[in-house]
Number of protein chains: 2
Amino acid sequence: MAEPGTVYLVGAGPGAPDLITLRGARLLAAAEIVFHDALVHPGTLELATRAEKILVGKRCGRHSTAQRFINKRLVDAARAHRIVVRLKGGDPMLFGRAHEEISALRVAGITCEVVPGVTSALAASADLGISLTQRGVSRSVVFVTPRVGDGEARRNDWAAAVAAVDTAVIYMGAHEADKVASVLLDRGLAPGLPVVAVESASLPESSYTALTLAELPRIAETRRVGPVVLLLGDVYAAALAACLPLPLAAALGT
Amino acid sequence: MAEPGTVYLVGAGPGAPDLITLRGARLLAAAEIVFHDALVHPGTLELATRAEKILVGKRCGRHSTAQRFINKRLVDAARAHRIVVRLKGGDPMLFGRAHEEISALRVAGITCEVVPGVTSALAASADLGISLTQRGVSRSVVFVTPRVGDGEARRNDWAAAVAAVDTAVIYMGAHEADKVASVLLDRGLAPGLPVVAVESASLPESSYTALTLAELPRIAETRRVGPVVLLLGDVYAAALAACLPLPLAAALGT
């Protein structure tokens, strides 16, 4: 029996197909089979010119069962192919559930390499032109999610983490913006704390809304189609002062 | 007089030349002039085939003066060239001092775009094969630096931020590892907390050392040539259990 192939966990980046790394693009071009999340851009998948492409990611729902199934498919694919790519939105090591796939591959004796990617908070910051860190204003940045997986102990005190830093990025929180706001206000964060919600960071349809923490529940009223990151902190004070909800492109004058 | 050009603040990524984005590589190839930090890899600079290349970054030292000088050079370059690239290690928006350059360019009426990059914490995680977030173990990740710039108010309570999260990444902290350890121990963090110091993430010479928080001052004894990120948290317990200081490649079996 032939040696098993290698599984590459590749970060697709935040959305725009040209924000994947050179290494990620090269591996996609060489891959025989690609397992990808629902959020990966079609233009990114087109880089995998010779590969069979299989959609496995779920945006919500019954994660545990799905994850075990994905793990098994990766192991099976490595036994049949030389170059297997597992393509994940953003970076695999930040809210990418890479841990479970790496563990399953190691147990099965399959070689696994991780190719990092641009996480969406960095792309959102680039879109806005506002740095997460600023001398004298912000020297600490936290990345959290309020989402708790099924079967996961509720030791996730994300609000304490947000309260302790200068700038916070909340992933997968926009769908429960009212809960996010009330938990943070209960923690003692200022009602006037600037928040920017960036949707579809890096894509042409990217947009943002700047508001205060007390106003955050309002974003539930806006129609959303793409993923949203919430950015919180004093570095966004100017964005809040400058704008009502605006298309990003207009705000940037492009 | 001709319209001024555009300044692109481009993240070079963590070190390996093929971990820049496709967009960053394309802009380097098109650039007429490139201003780069000292830490940018020579192989990355080679992507700028037709550009004049100017080293402006300083790793330490008199930042304020240097920064004003860099700002002025960027403005001057945009008045003489169509495509100006300011190439920064990692991502521009995370400890990249992009804020000061963006502000100076806006004041001068120069168009500025930011191209995000892979920050070194993500590359270090990829090298180790250990995810920053793990279900049931870590759902919050903070990026901090203990470094305080000259003229900067000491409101940077990085230790409080580290104490509030599941996983912490400390940038620019290895040169004062003894101070980092003592401040965190004073904060009440456990002496046995696992720490991994990753040097030169993503490069062939990448190496790591796993130790406890109490042992952290010891890394001052190891010779360092590349930049180091410190990773702290329970997700590194297995790395600590598995190894004494080891070359990364040997530990990964590659």
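This is a predicted model: local features need pLDDT of at least 70, side-chain atom pairs count only at pLDDT 80 or more; totals for chains, interfaces and linings use all residues.
Q: Which strand pairs with β9(A), and in which sense?

A: The partner is strand β8 (residues 194-199) of chain A, and the two run antiparallel over six bridges. Within this pair, A:Val198 lies opposite A:Tyr208 of β9(A).

Q: How much confidence does the predictor attach to chain A, and where is the pLDDT below 50?

A: The mean pLDDT of chain A is 89, and 88% of its residues reach 70 or more. Over residues 244-254 of chain A, however, the pLDDT is below 50, and this stretch has 10 contacts in the model beyond near neighbours in sequence. For the model, the scores are ipTM 0.92 and pTM 0.92.

Q: How does one read the relation between chain A and chain B?

A: Two copies of a chain are related by a rotation about an axis and a shift along it. Here, a rotation of 180 degrees with 0.0 Å of shift along its axis places chain A on chain B, with an RMSD of 0.0 Å. The two copies are thus related as by a two-fold rotation axis. Both copies use the same surface, for 100% of the contact residues of chain A recur in chain B.

Q: How many residues meet at the interface, and which elements supply them?

A: In the model, 50 residues of chain A are in contact with 50 residues of chain B. On the side of chain A that touches chain B, at least two residues come from each of α1 (22-30), α4 (98-107), β5 (111-115), α5 (120-128), β6 (140-144) and α6 (158-163). The largest share of that side, five residues, is supplied by β6(A). By residue class, the side of chain A that touches chain B divides into 28 nonpolar, 16 polar and six charged residues.

Q: With what does β6(A) pair?

A: Five bridges join β6(A) to strand β6 (residues 140-144) of chain B, and the two strands run antiparallel. As one instance, A:Val141 has B:Phe143 of β6(B) as its bridge partner.

Q: Which residues of helix α4(A) are buried, and why are they said to be on the same side?

A: The buried residues of α4(A) are A:Ala98, A:His99, A:Glu101, A:Ile102 and A:Leu105. They cover an arc of only 165 degrees around the axis, which puts them on the same side of α4(A). Just after this helix, A:Gly109 takes a positive phi of about 75 degrees.

Q: How many residues of helix α5 of chain B are buried?

A: Helix α5 (residues 120-128) of chain B is mostly covered, with nine of its nine residues buried. Among them are B:Ser120, B:Ser125 and B:Asp127. Just after α5(B), B:Gly129 has a positive phi of about 75 degrees.

Q: Which residue other than glycine has a positive phi in chain A, and where is it placed?

A: One such residue is A:Met172, with a positive phi of about 55 degrees. A:Met172 lies in the loop between β7 (167-171) and α7 (177-186) of chain A. Because A:Met172 has 17 C-beta neighbours inside 10 Å, it counts as partly exposed. In chain B, phi of B:Met172 is likewise positive, near 55 degrees, and B:Met172 is found in the loop between β7 (167-171) and α7 (177-186) of that chain. B:Met172 is partly exposed, with 17 other C-beta atoms within 10 Å.

Terms used: Residues are numbered from 1 along each chain as its sequence is written. Chains are lettered from A and ligands numbered from 1 in the order in which they are written. Copies are superposed by least squares on the C-alpha atoms of residues with pLDDT of at least 70 in both. Two residues are in contact if their C-beta atoms, placed from the backbone, lie within 7 Å. Helices (H or I, at least four residues) and strands (E, at least two) are DSSP runs, numbered from the N terminus. Ala, Val, Leu, Ile, Met, Phe, Trp, Tyr, Cys and Pro count as nonpolar, Asp, Glu, Lys and Arg as charged, and the others, Gly among them, as polar. Two strands pair if DSSP finds at least two bridges between them. A residue is buried if 20 or more other C-beta atoms lie within 10 Å of its own, exposed if 12 or fewer, and partly exposed in between; C-beta atoms are placed from the backbone. The arc is that of the directions from the helix axis to the C-beta atoms. pLDDT is the predictor's confidence in each residue, from 0 to 100.
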